[in-house]
Number of protein chains: 2
Amino acid sequence: MKASIYDVARYCGLSVVTVSRVLNNTGNVREKNRRKVLDAIEALDYRPHAAAQSLARGHTRIIGLMMTTLHDRFFETVVNEINRALARYGYFLALSVSSDVRSRETHDLMHEDRVDGLILLSLPEEDRYVAQLKKRSIPFVLIDNQRRDHMVPSVLTDNYYGGYEAAKHLLSLGHTRIAHVCGPEYFLSTRERKRGFLDALREGGLSPFAVVQGDYEIGFGYNTAKSWIRSGKLPTAVFAGDDYIAVGIVNALAEEGMRVPEAMSVIGYDDQYIASRLRPYLTTVRQPAENIGQSSVELLLKWIGAGSTASVTVEWKPELVIRESTAVYKA
Amino acid sequence: MKASIYDVARYCGLSVVTVSRVLNNTGNVREKNRRKVLDAIEALDYRPHAAAQSLARGHTRIIGLMMTTLHDRFFETVVNEINRALARYGYFLALSVSSDVRSRETHDLMHEDRVDGLILLSLPEEDRYVAQLKKRSIPFVLIDNQRRDHMVPSVLTDNYYGGYEAAKHLLSLGHTRIAHVCGPEYFLSTRERKRGFLDALREGGLSPFAVVQGDYEIGFGYNTAKSWIRSGKLPTAVFAGDDYIAVGIVNALAEEGMRVPEAMSVIGYDDQYIASRLRPYLTTVRQPAENIGQSSVELLLKWIGAGSTASVTVEWKPELVIRESTAVYKA
DNA sequence: TTGAAAGCGATACCAC
DNA sequence: GTGGTATCGCTTTCAA
């Protein structure tokens with residue numbers, strides 16, 4: 001049978017209160033007794049019962065994380081970092097991956113006082129949750145939120161800047177026939193990247209060779225490039241909405257014997273695993289996933305600690321990573 | 001303030017016992033009263049307090065999952081499936097990703113009665129945990145365990161079979177100069193795949209063109225292929241230890257203007273995302289991650305339900321997925 | 001510095 | 001069918 005705090009108290013001839021005190025490092029315990037308690041704990045291999053502690057203290061030291069998919073390098077890294085940061089502060093991570101927003105389990109995560117706070121990672125329909133969370137006054141943080149108008153603590157990256165920098169890079173290389181192959185319109189990030197891209201081109205006095213919209217998939221990039229090739233009209237540089245699209249483009253070109261960056265410069269977004277492994281290594285825009293994960297935890301724990309929040313927004317700048325897939329334009 | 005079961009009882013003029021009864025669907029409640037309770041719950045927007053329930057019931061309905069990395073398609077899918085299966089049974093998932101086996105948080109997951117059971121996903125040093133778990137009599141299941149000798153409930157895939165089938169496939173295509181580029185020796189899966197591969201070759205009366213060992217990385221496949229090319233001595237077919245290695249090989253070949261499968265047949269393992277997206281689509285050996293995730297949950301919950309286990313081992317057969325990267329040998 | 005006792009919010013045994 | 005009460009294991013006043 002597992003030892004309880006009473007067993008420890010009995011074992012060392014002190015009261016449970018004293019045991020509790022050394023457990024929680026609340027002062028006022030004679031050093032000699034402290035030792036006795038510690039020894040008893042050791043001898044009995046005692047560990048406090050989490051549920052009992054939660055009940056007594058009113059909190060669980062569990063943070064919930066809700067997301068729709070793990071299959072994304074950026075998300076993976078964020079989750080990893082959140083996990084690590086949480087552990088450092090003595091918190092646990094409850095994960096809920098659910099593509100179906102309306103499923104039951106995600107709701108119970110916030111309904112039964114299971115968590116002290118929640119992190120919402122790039123959730124569509126975020127409003128629905130935000131309303132619930134506010135009503136139940138559960139601390140939360142949004143990462144990569146879709147809407148920026150409601151005042152809620154959130155951490156995000158400057159996608160406009162990312163798109164802008166990507167385009168600037170291509171421009172500086174002397175390209176003038178520049179296309180953008182982007183993701184679905186309903187992502188704020190897609191729209192922002194595009195806006196940044198277009199603004200940069202406009203500043204350069206250019207209009208885009210083309211703006212093609214589809215999914216963040218290798219296949220979409222592949223098909224787009226193939227259709228350009230078929231038509232015989234190609235841009236000299238492409239800003240892909242993400243690395244998968246970029247890789248698809250490179251792949252299609254390679255099949256036709258065209259090399260990147262010689263035949264076409266290609267720039268991606270996200271710095272996924274393959275971006276730095278597959279030749280040609282991809283020039284890309286990197287989001288600081290580690291920082292994002294960390295800030296979200298810090299923001300959340302600050303809220304939990306303070307009992308209220310100032311609804312801070314932390315914004316990270318993405319970073320242009322120049323590798324092999326972009327080069328100076330040669331006529 | 002959040003409503004407790006006492007508030008509900010007071011509101012509907014019944015006792016907490018009755019409320020608890022309708023909450024848990026234990027019979028013996030007059031239908032009329034049942035309605036009253038339900039109405040009160042509705043009116044007060046009441047939800048039972050998880051910690052209080054855990055304390056009273058003696059379990060948490062939380063299952064812990066320990067793993068070392070999320071960056072793997074197979075793992076992702078397993079996690080996803082575990083999450084889904086758990087949710088179906090009304091359980092929650094506590095995740096601990098930790099490459100450092102000795103870190104604190106992973107331990108507390110099993111020490112404070114936070115979880116009703118644990119799933120260990122492909123953990124090196126599994127023995128250490130198994131011992132702890134057994135000592136504390138916490139139900140657990142191993143997925144993809146490294147050692148197969150200790151009697152513990154586990155679910156795994158037949159890597160020997162996978163390697164064997166891969167080789168058979170290449171053999172049946174008429175290849176005779178077949179290489180194996182595999183992962184690190186310390187993975188049981190690596191050793192098993194290799195053993196299957198070698199046995200198949202032996203049955204075909206062949207010895208391998210080469211067996212090269214390195215990391216499960218694109219770069220390793222790339223470098224290996226490059227060195228073959230430099231040496232001028234190439235196999236006509238390769239069984240890569242995983243898809244990343246395979247993609248690296250294809251990538252290196254493509255750079256030299258050599259096409260797959262025309263110049264060389266390549267077969268991967270795991271059916272990662274890129275395997276089915278990048279041309280040429282990879283012939284690969286697919287592990288049934290969904291089934292694995294599900295069985296692990298079922299095994300674990302069965303143990304938890306029964307209070308004991310028969311130490312079952314569930315083994316899934318991987319499946320050969322033939323796509324574009326392998327073809328009949330032409331001299 | 002220490003400990004007795006009152007919660008925390010449920011469940012479960014046992015009368016009625 | 002229903003409800004009083006002890007119980008789960010810990011924290012937190014409050015007196016001593």
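**Exercises on a predicted protein–DNA model**

B:Arg193 is buried (under 20% relative accessible area, with over 50% counted as exposed and values in between as partly exposed, for a 1.4 Å probe and protein chains only), yet B:Arg193 has no salt bridge, the nearest side chain of opposite charge being B:Asp270 at 4.0 Å. A salt bridge here is a side-chain nitrogen of Lys or Arg within 4 Å of a carboxyl oxygen of Asp or Glu. This is a predicted model, in which local features need pLDDT of at least 70 and side-chain atom pairs count only at pLDDT 80 or more, while totals for chains, interfaces and linings use all residues. Residues are numbered from 1 along each chain as its sequence is written, chains are lettered from A and ligands numbered from 1 in the order in which they are written, and side-chain values use heavy atoms, with hydrogens and water left out.

**Exercise 1.** Describe the surroundings of B:Arg193.

*Solution.* Begin with the position, which is in helix 9 (residues 188-203) of chain B; helices are DSSP runs of H or I with at least four residues, and strands are runs of E with at least two, numbered from the N terminus. Then list the contacts (heavy atoms within 4.5 Å): leaving aside neighbours within four places in sequence, B:Arg193 touches residues including B:Tyr160, B:Tyr216, B:Phe239, B:Asp270 and B:Gln287.

**Exercise 2.** Explain what the salt bridge between A:Glu255 and A:Lys226 ties together.

*Solution.* First locate the pair, whose side chains meet at 2.9 Å, N to O. Next place the partners: A:Glu255 lies in helix 11 and A:Lys226 in helix 10 of chain A, so the bridge ties together parts that are 29 residues apart in sequence. Finally compare accessibility, for A:Glu255 is partly exposed at 25%, whereas A:Lys226 is buried at 13%.

**Exercise 3.** Work out which protein elements and atoms face DNA strand D.

*Solution.* Start with the surface near the strand (residues with a heavy atom within 4 Å of it), to which helix 1 (5-12), helix 2 (16-24) and helix 4 (50-57) of chain A, with helix 2 (16-24) and helix 4 (50-57) of chain B, each supply at least two residues. The largest share, four residues, comes from helix 4 of chain A. Then turn to individual atoms: a polar side-chain atom of A:Ser20 lies 2.7 Å from a phosphate oxygen of DNA strand D, and a side-chain N or O atom of A:Gln53 is 3.1 Å from a phosphate oxygen, whereas A:Ala52 places a backbone N or O atom 3.4 Å from a base nitrogen.

Technical notes: Lys and Arg count as positive and Asp and Glu as negative; His and the chain ends are not counted. A polar contact is a pair of N or O atoms within 3.5 Å; within protein, one must be able to donate a hydrogen and the other to accept it, and residues adjacent in sequence count only if both atoms are side-chain atoms.
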